[in-house]
Amino acid sequence: MDALSLAVSVAMDAVLVTLVLAMAALGLALIYGLIGVINLGHGAMLTIGAYVTWATTHAGIPFAAAVILAALAVALIGLAFEHFVVRHFYDQPFETLLITWGFFMITTEVIKIIFGTTMHPVTSPVTTPLDLGIAVLPAYRVLVAGISLTLIFLVAAVFYRTGLGVQIRAVIQNREVAGLMGVNIGRMYKLVFVVGCGLAGLAGGLLAPILSVGPYMGNIYLVRSFFVVIMGGVGQILGGTIVGSFLIGGSETIFALFSSQVFAQTIVFGLAIVVLRFRPHGILNRR
Amino acid sequence: MTGAGGQPRRASLVLLKRLAGSESGIAIPVFVFLAALPLFGSGYTVFILPQYMLYGVLALSLGLFWGFAGILSFGQSAFFALGAYTIGLSMKLGWGGGIVDSGYLGLILAVTFAAALAAVVGFFLFSVGIRDTYFVIITIELSIIAQQVAITQSQITGGGNGMFIDRMALNLGPIGSYSLEGDLAIYYFVLPFPVIIYFALRWLVGSKFGKVLIGIRENEDRLLSLGLNTSLYKTAAFALSGALAGLAGALYATHASFIAPSLGGVLFSTEVVVWVAIGGRTSLLGALLGGILVAWISTYLSAITPEYWQLVLGVLFVVVIVYFKGGVAGAVSRAIRARRALALNDG
């Protein structure tokens with residue numbers, strides 16, 4: 001392989017890793033950025049999405065439908081969780097952090113009881129690699145990257161181009177005044193939380209063919225997603241998620257070229273801490 | 001109360017009541033019980049209990065930081081594992097070259113390394129006033145990395161196969177060396193650690209340092225405006241917390257004689273958080289007893305019903321967070337205060 005095609009394939013790989021990671025982080029970015037809940041159950045929600053996808057495809061349901069079912073299932077769980085627990089703690093961020101970690105503990109155990117601890121493979125719906133002449137790309141990752149990009153723009157479009165988006169932005173800017181203007185704040189919070197959970201479920205389903213499905217598969221994405229959000233800047237859903245994903249995922253790919261995966265992860269972790277120290281509000285936030 | 005004999009009885013009762021009302025009134029009997037336990041406990045209890053006492057020390061390390069400075073750490077297992085692997089390597093490779101006892105050196109280095117790691121991470125982040133919630137996430141990553149390093153650096157750590165460590169000997173210099181191979185010997189070697197650390201921390205939280213920590217928990221901005229460098233206090237508290245976790249890990253390693261990468265992982269850190277939350281995060285005794293008892297019950301019930309017990313523990317954790325912020329210790333002290341108020345009203 002010559003230098004040019006190596007460079008192209010590394011660059012393409014970095015783009016794909018970035019967008020796949022952005023997909024995983026999007027639900028978290030929404031919930032944290034818009035309603036300020038540190039959802040430590042995000043990783044568990046990815047895991048649930050992956051398990052639903054595995055179980056339904058195993059039962060003969062086509063992959064696309066399985067992923068949508070995964071999103072719906074996790075959204076539903078999120079709805080129940082929000083309604084019965086989380087909504088009573090919106091003004092106590094530290095307590096929601098603990099409670100969502102409890103969500104992780106409980107759901108992980110339930111998954112272990114129902115499905116056991118063995119890893120399950122999910123066969124990818126598209127397997128033929130994409131040959132661009134200069135580099136060969138894994139087709140399924142390209143598909144996920146495309147969905148990821150679409151979803152990010154879709155979320156941004158809802159946020160900046162619809163009446164609903166105006167209401168959500170109003171609630172974020174000034175909760176009391178928005179409430180006085182007739183925005184149903186409780187419903188907005190619920191909506192954001194449930195959509196964020198649904199996106200986590202969707203991401204989990206889409207990640208299932210890339211990773212092996214196991215009870216702790218979401219854990220590593222939980223912390224990565226947080227670094228994405230923190231580095232990109234909390235509340236910067238469009239740009240922040242992509243920039244953050246690139247810094248975390250892309251740099252991990254590049255460092256992994258020269259060293260082991262674990263070492264690369266450690267370096268990126270150090271890098272994230274350094275960035276946090278000098279830009280505590282993220283790369284894109286000036287405040 | 002009537003009758004002439006009432007007065008002295010009443011005085012001793014008041015003393016007893018005061019003792020029962022304070023934490024020491026529970027702590028001292030507990031420690032006496034632990035000291036006497038080998039007289040009537042089974043061999044297995046004597047073998048296993050030091051492990052839980054060390055879990056208690058680990059819980060104390062978190063109780064100090066979470067309960068008093070109000071900042072949660074999911075990184076305690078990373079310090080615990082760092083301490084455990086440090087003493088393991090020291091004894092295996094004979095650090096100290098025969099001049100310094102490798103067990104002692106291992107203990108000292110375990111504490112030093114863990115404190116240094118915590119101090120570096122803590123200072124780096126606290127000095128820019130990072131949010132407590134971000135700190136929590138970074139400590140989660142800290143334990144993820146600790147476990148992965150322990151797994152992948154297998155030529156040093158033994159990887160997933162773990163590491164076998166001998167029990168250290170109590171080297172008394174010219175007098176000779178006392179073996180801690182026996183379960184009874186190591187029981188009494190370990191016992192003073194939770195006792196001394198508990199009372200030292202009790203003293204510490206009552207000192208100016210402790211008051212500043214509580215101030216940080218309650219209203220950090222006010223302390224800042226009073227001109228206190230809160231980041232230094234937070235760093236010091238985290239370093240101390242890391243040091244205690246490292247010490248607990250090192251003692252655990254030499255007691256258990258075997259360590260594995262899971263000791264550094266997020267799941268173990270979570271267990272520590274659960275012990276402290278259930279025991280009571282604002283009470284050092286609650287944290288200590290939470291570590292000892294919840295871990296003890298956990299192991300016992302995990303043997304009977306592994307999956308469901310973990311599930312119960314998760315539910316219990318959420319229930320404590322939602323309904324009983326102070327954990328068992330908080331509930332007990334509230335009950336005592338309510339009874340006292342009732343007694344005052346009656347009297």
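Of the 347 residues in chain B, 44% count as buried. The model is a predicted one. Chain B is built from 15 helices and four strands. Its C-alpha trace spans about 75 × 55 × 45 Å along the principal axes of chain B.

Now look at one helix pair inside chain B. Two packed helices are described by the angle between their axes and the distance between the axes. Helix α4 of chain B covers residues 76–93, and helix α5 of chain B covers residues 102–126. They pack at an angle of about 150 degrees, with their axes 8 Å apart. Because an angle over 145 degrees counts as roughly antiparallel, α4(B) is roughly antiparallel to α5(B). The crossing of α4(B) and α5(B) is right-handed.

Which residues of α4(B) make the contact? They are Phe79(B), Leu82(B), Gly83(B), Thr86(B), Ile87(B), Ser90(B) and Met91(B). From α5(B), the contributors include Leu105(B), Leu109(B), Phe113(B) and Leu117(B). Gly103(B), Gly106(B), Ala110(B) and Ala114(B) are also among them. By class, the residues of this contact between α4(B) and α5(B) divide into twelve nonpolar, six polar and no charged.

Chain A comes next. It has eleven helices and two strands. Read along the sequence, chain A runs α-α-α-α-β-β-α-α-α-α-α-α-α. Its radius of gyration is 19 Å, close to the 19 Å that the globule rule gives for 287 residues, so chain A is as compact as a globular protein of that length. The C-alpha trace of chain A spans about 65 × 45 × 35 Å along its principal axes. Of the 287 residues of chain A, 48% count as buried. Among contacts in chain A between residues at least 6 apart in sequence, 75% join residues at least 24 apart.

Finally, turn to where the chains meet. The contact takes 29 residues from chain A and 28 residues from chain B. On the side of chain A that touches chain B, the elements giving two or more residues are α4 (93–115), α9 (217–232) and α11 (261–278) of chain A. Helix α4(A) gives the largest share of that side, 13 residues. By class, the side of chain A that touches chain B has 20 nonpolar, five polar and four charged residues.

Notes:
Residues are numbered from 1 along each chain as its sequence is written. Chains are lettered from A and ligands numbered from 1 in the order in which they are written. This is a predicted model: local features need pLDDT of at least 70, side-chain atom pairs count only at pLDDT 80 or more; totals for chains, interfaces and linings use all residues. A residue is buried if 20 or more other C-beta atoms lie within 10 Å of its own, exposed if 12 or fewer, and partly exposed in between; C-beta atoms are placed from the backbone. Axes are lines fitted to C-alpha atoms, for helices over the stretch in contact, and angles run from 0 to 180 degrees between N-to-C directions. Angles under 35 degrees count as roughly parallel, over 145 as roughly antiparallel, 65 to 115 as roughly perpendicular and the rest as oblique. A crossing is left-handed if the near helix is turned anticlockwise from the far one by less than a right angle, and right-handed if clockwise. Two residues are in contact if their C-beta atoms, placed from the backbone, lie within 7 Å. Ala, Val, Leu, Ile, Met, Phe, Trp, Tyr, Cys and Pro count as nonpolar, Asp, Glu, Lys and Arg as charged, and the others, Gly among them, as polar. The radius of gyration is taken over C-alpha atoms; the globule rule is 2.2 Å times the number of residues to the power 0.38.
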